[in-house]
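Hi everyone, thanks for making time this morning. Let me put the structure up on the screen, and then we can walk through a few of its helices together.

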Amino acid sequence: CVVGLLFTTMGKQNEQELTKAQKRNKKRNEAKKKAKRVGKANQTGDDGMVVNILESMVTPGVDRSVIKMLNIVFVFLFLILLIMLLFVGSVHYAVMLFFAGGLFFSIQFFLFEASKNPHILNPPKQK
């Protein structure tokens, strides 16, 4: 009777381990399918932001992804300068923060004014 009880509990543990292994295999298969979908998306022209920025370097005009990346870089610059200003407390970081803010707002003003004339940001393609 005790031996039968041990075999039934071991059988339940094997079933649980089997279901865990099945779950792991299912997750792996889903991950592979997802990777294949991502690979197909990249082949269809849905490139990442970095690829768009690199392509915009060799084409005339300014792409939206370049402007977005520029704003992200400025946000990180402001955060780093603000953290350094708070922890170090040097006046130099306050001056650099002021100059970075001036540069950011002058670039934003240029982009705002240039957006009024679409030929500046996106010049016509030459034949």
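**A walk through the helices**

Let's start with what lies over the buried part of α4: the cover includes α3 and α5, residues 118–121. Before I go on, please keep in mind that this is a predicted model.

Which residues of α4 are buried? They are Ala100, Gly101, Phe104, Leu111 and Ala114. As for length, α4 runs over residues 91–115, and its 25 residues should span 36 Å at 1.5 Å a residue.

Now to α3, residues 64–88. This helix has 25 residues and reaches 36 Å from first C-alpha to last, close to the expected 36 Å. Buried in α3 are Ser65, Ile67, Phe74 and Leu81, and these buried residues pack against α2 and α4. After α3 comes Gly89, with a positive phi near 80 degrees.

That leaves α2, residues 49–57. How do α2 and α3 cross? Their axes come within 8 Å, at roughly 115 degrees, and that makes α2 roughly perpendicular to α3. The crossing is left-handed. On the α2 side, the contact uses Met49, Asn52, Ile53 and Ser56, while α3 brings in Ser65, Val66, Lys68 and Met69. Sorted by class, this contact has four nonpolar residues, three polar and one charged.

Definitions and conventions:
Residues are numbered from 1 along each chain as its sequence is written. This is a predicted model: local features need pLDDT of at least 70, side-chain atom pairs count only at pLDDT 80 or more; totals for chains, interfaces and linings use all residues. Side-chain values use heavy atoms; hydrogens and water are left out. Axes are lines fitted to C-alpha atoms, for helices over the stretch in contact, and angles run from 0 to 180 degrees between N-to-C directions. Helices (H or I, at least four residues) and strands (E, at least two) are DSSP runs, numbered from the N terminus. Angles under 35 degrees count as roughly parallel, over 145 as roughly antiparallel, 65 to 115 as roughly perpendicular and the rest as oblique. A crossing is left-handed if the near helix is turned anticlockwise from the far one by less than a right angle, and right-handed if clockwise. Contact means heavy atoms within 4.5 Å. Ala, Val, Leu, Ile, Met, Phe, Trp, Tyr, Cys and Pro count as nonpolar, Asp, Glu, Lys and Arg as charged, and the others, Gly among them, as polar. The expected span of a helix is 1.5 Å times one less than its number of residues. Buried means under 20% relative accessible area, exposed over 50%, partly exposed in between (1.4 Å probe, protein chains only).
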